[in-house]
Amino acid sequence: MGRALSYDDYTIAWIAVLPIEAEAALGVLDKEHDGHFETVRGDDYIYIGGEINGHNIVVATWPTGQNYGVGAATALVNQVKARFQNIWFALLVGVAAGLPNISPKPPTECRDIRLGDVLVCVPEKASTGIIHYDLGKDTEGGFLLNGRQAETPAIVRAAIGDIKLRRKKPFKAENTFGRYLAAFQEKVGDSKFLCPSQEEDILFTTPGEMASALERIERIPRDESERTRVWYGNIGSGNSMLRNSRRRDVLRDEHNLIGLEMEASGVMNTLPTGVIRGVCDYGDGQKNKNWQPYAAAVAAVYAKGILYTITPKAGQIPTG
């Protein structure tokens, strides 16, 4: 089992709730630490220690069979916070539904989000970046959101700003994140993490009052060397796994969302957290898991890029 690792040596929490997300997290580590964290009565989780760019990282994930949702994410992060008392910040890294806006008004706000793209939560003037869309009051005048999430921590936002400024098209094959991705895919040696064909990326129209039939939206294929793009903005978080394109579009337009997921609103107010998601579906009835591995991989690569942009805290103790 190896030696006991010290909870106090770890400063970054990497939250990867699904097995495929945890597998991607381990795949991008520079080094996995040899050892284990001692468990005590009341512990519900097992953690894995590792390292990226000199940061000591603890990877935390759900037990097998855990129900999804905000409450389960809160329980995990509360225990991480209690055990790892020197955590600087957390990264919530995994998959989500992407919300394209192909024909917006005005057209300058077009977002051609595709499967395999990366979504990064950043705050706007009117929001903190994470919108807990199903927490609020159902009134005669409509549903009113209640509560406010903490913002992405300043150091993570600074790293995101640096990436946006200095790493144009970061996932282009010969660029930094493209190289990280290729190295990850070679390291894990599992074809499931390769990008599926663009022919398998199918976006349908949203049924309207005048037409109920689904029609495929034709989109120009991207250059394969620039397959993955990064989008920044608001991400919706709630307890519902959305498979309804009409409801998806309403939420997108009401809150200017780029994606939907199910954990961030249970994490942000407990630990200062950056949220990075890979797009694995469009939040409609066509949902499947074919794109989850690649989406998890590109999100993990972006998170690694954040940690390579941030200098480790002074006094970081080498582990492993």
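Me: Where does Asn53 lie in this predicted model?

Reply: In this predicted model, Asn53 sits in the loop between strand S5 (48-52) and strand S6 (55-60).

Me: Why is Asn53 called partly exposed?

Reply: Its relative accessibility is 23%. Buried means under 20% and exposed means over 50%, so Asn53 at 23% counts as partly exposed.

Me: What is the phi of Asn53?

Reply: Phi of Asn53 is near 55 degrees, which is a positive value in a residue other than glycine. Most residues other than glycine have a negative phi. Asn256 also has a positive phi, of about 55 degrees, although it is not a glycine.

Me: Where is Asn256, and why is it called partly exposed?

Reply: Asn256 is in the loop between helix H5 (245-255) and strand S13 (257-261). Its relative accessibility is 31%.

Me: What does Asp30 touch, leaving out residues up to four places away in sequence?

Reply: Asp30 touches Glu51, Ile52, Asn53, Lys304 and Tyr308. Asp30 lies in the loop between H1 and strand S3 (31-32). With a relative accessible area of 36%, Asp30 is partly exposed. The C-alpha atoms of Asp30 and Gly238 are separated by 33 Å, and these residues are 208 apart along the chain.

Me: How do you know that the span of helix H3 is close to the expected one?

Reply: Helix H3 (residues 154-166) has 13 residues and reaches 18 Å from its first C-alpha to its last. The expected span is 1.5 Å times one less than the number of residues, and for H3 this comes to 18 Å. The two values are therefore close.

Me: What makes the buried residues of H3 line one face?

Reply: The buried residues in H3 are Val156, Ala159, Ile160 and Ile163. Seen down the axis of H3, the buried residues fall within an arc of 100 degrees, so they line one face of the helix. The face turned away from the buried side carries the exposed residues Ala154, Leu165 and Arg166.

Me: Which elements do the buried residues of H3 pack against?

Reply: They pack against strand S7 (89-98), strand S8 (118-121), helix H4 (176-188), strand S12 (230-237), strand S14 (273-281) and helix H6 (292-309).

Me: Why is H6 called largely enclosed?

Reply: Of the 18 residues of H6, 16 are buried, so H6 is largely enclosed by the rest of the structure. H6 reaches 26 Å from its first C-alpha to its last, close to the 26 Å expected.

Me: Why is the contact of Arg277 and Glu21 called a salt bridge?

Reply: The side chains of Arg277 and Glu21 meet at 3.8 Å, N to O. The limit is 4 Å between a side-chain nitrogen of Lys or Arg and a carboxyl oxygen of Asp or Glu, so the pair counts as a salt bridge. The pair links distant parts of the chain: Arg277 is in strand S14 and Glu21 in helix H1 (residues 19-28), 256 residues apart. Both Arg277 and Glu21 are buried. By this rule the count comes to 21 salt bridges.

Me: How do you know that Asp112 and Arg114 are buried?

Reply: The relative accessible area of Asp112 is 16%, and the relative accessibility of Arg114 is 5%. Buried means under 20%, so Asp112 and Arg114 both count as buried. Asp112 forms a salt bridge with Arg114, and their closest N and O atoms are 2.7 Å apart.

Me: Which residues are linked in a network of salt bridges?

Reply: Asp112, Arg114, Asp201, Arg219 and Arg227 are linked in such a network. Arg227 and Asp201 both lie in the loop between H4 and S12, so the pair ties together parts that are 26 residues apart in sequence.

Me: How do you know that the radius of gyration agrees with a compact globule?

Reply: With 320 residues, a compact globule would have a radius of gyration near 20 Å, and the protein has 19 Å, which agrees. The protein has 6 helices and 14 strands, and 52% of its 320 residues count as buried.

How values were computed: Residues numbered from 1 in each chain as written. Predicted model: local features only at pLDDT ≥ 70, side-chain atom pairs only at ≥ 80, totals over all residues. Heavy atoms only, no water. Helix = DSSP H or I, 4+ residues; strand = E, 2+ residues; numbered from the N terminus. Buried < 20%, exposed > 50% of the residue type's maximum accessible area, 1.4 Å probe, protein only. Arc of directions from axis to C-beta. Contact = heavy atoms within 4.5 Å. Rg over C-alpha atoms; globule rule 2.2 N^0.38 Å.
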